[in-house]
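Dear colleague,

Please find the structure below, together with its sequence.

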Amino acid sequence: MTQLNPALQARVQPIKQKWDGFVAKVGQRVQEILAEAQAGLDQIIAQYPTDPGPMGTAMTAVQSRFQGLDQKVSESWDKVSEEMDGVQDDDLEIADYMAVSAVADAMRQQCDELREHIDLQYAWLEMRKQADWGRRLYELMQQEVQQPLTCSQCGAPFQNPVYWMASNVPCPHCGSLVAVQPGAASVLFYQGLGIHAMSHEQAWSEWMALQAADRAFKEFRHPTSGDYQRYLDAAGAYWARYYETTRQMNPGFNQPVEEAVANRLAQYTAYEQPLDRIQRDFFQALCQAAAQRNQGQLQWLLQQLPAGVDIGECAESLVEHGDEGGAVMVLEYQHRVEGEDEPLKSWVPERLKEIKGTLRR
């Protein structure tokens with residue numbers, strides 16, 4: 001706001017104050033929904049520990065409340081964004097346009113962060129309550145395991161050594177094979193959500209990092225190789241922690257953790273196309289050259305565009321990676337080589353506005 005001249009401040013300040021107040025109210029509502037939901041879900045876990053139906057129904061209802069709040073944020077931002085566009089639509093100097101644009105971008109970031117917060121608070125609630133349910137299932141599973149089996153041939157009692165899955169267990173007294181089915185809690189714990197929920201809980205911080213990397217990568221229209229590698233690194237960290245916990249809790253999990261992680265990561269890269277990799281490497285070099293304000297290297301790259309990439313997309317990539325100054329360098333180059341008739345002073349802000357409009361869609 002301090003970069004705006006007094007006239008622009010008078011127009012932008014009321015819009016920003018209204019938006020800030022809305023953001024604060026939504027944050028309070030999220031906490032209220034969390035408190036109400038936790039109490040209700042705890043009651044369901046206590047009453048229906050081996051019946052997935054009530055928990056599934058309750059979680060769907062809670063998710064609907066969070067989705068409704070997210071929709072409200074989206075609709076409110078659309079209105080605020082239109083007001084900010086009205087300010088930017090005026091015939092502003094480049095410096096004034098970029099100053100207003102910086103305020104609008106900060107407000108949009110607030111919107112994105114608020115929607116992310118709503119999404120993550122629901123994910124946290126789901127993770128925590130399912131892990132609580134998993135702990136309850138573990139307690140019941142322990143009780144089931146303590147119950148002796150009876151041999152169908154000799155009638156002798158014995159403990160089940162393979163309690164995590166259905167199996168044919170030899171009777172230690174007569175050697176007959178006894179078909180054994182795990183109890184309801186054991187099935188839900190080992191073959192249902194129990195171990196998954198508790199492994200996911202232990203890897204929660206890694207999961208959070210993975211979600212952030214995934215969102216960042218997918219939101220880029222023109223991602224770099226660095227964006228992609230950060231996404232893969234985050235995925236590897238999550239699955240390593242997840243499978244390490246699974247290995248400790250599940251006696252039936254006999255695969256090396258490194259192998260399990262590698263198999264998971266292979267799914268992430270299975271459909272990668274060579275052209276995608278070439279384009280990511282190009283945009284990585286472009287962002288590095290722009291960040292260094294290396295005009296010679298930047299112009300050389302703009303003369304070596306890979307298939308499927310044009311100069312305008314180079315400016316888009318720099319804008320979405322937070323380097324508007326670098327984007328201006330690209331646009332000035334584009335204006336010169338393409339022989340634009342409109343004066344540079346007005347053409348660059350118009351193109352920046354068009355790019356930001358494209359990136360918002």
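In these notes, a residue is buried under 20% relative accessible area, exposed over 50%, and partly exposed in between (1.4 Å probe, protein chains only). The model is predicted, so to speak of local features a pLDDT of at least 70 is needed, side-chain atom pairs count only at pLDDT 80 or more, and totals for chains, interfaces and linings use all residues. Residues are numbered from 1 along each chain as its sequence is written, and side-chain values use heavy atoms, with hydrogens and water left out.

Salt bridges (a side-chain nitrogen of Lys or Arg within 4 Å of a carboxyl oxygen of Asp or Glu) number 24. One of them joins Lys18 to Glu83, with the closest N and O atoms 2.7 Å apart. Lys18 belongs to helix 1 and Glu83 to helix 2, 65 residues apart; helices (H or I, at least four residues) and strands (E, at least two) are DSSP runs, numbered from the N terminus. Glu83 is partly exposed, because its relative accessible area is 31%.

A further salt bridge, between Lys356 and Glu324, has an N to O distance of 2.4 Å. Lys356 lies in helix 13 and Glu324 in helix 12, so this pair ties together parts 32 residues apart in sequence. Both Lys356 and Glu324 are buried.

Strand 3 and strand 4 run antiparallel and are joined by 4 bridges; two strands pair if DSSP finds at least two bridges between them.

With kind regards
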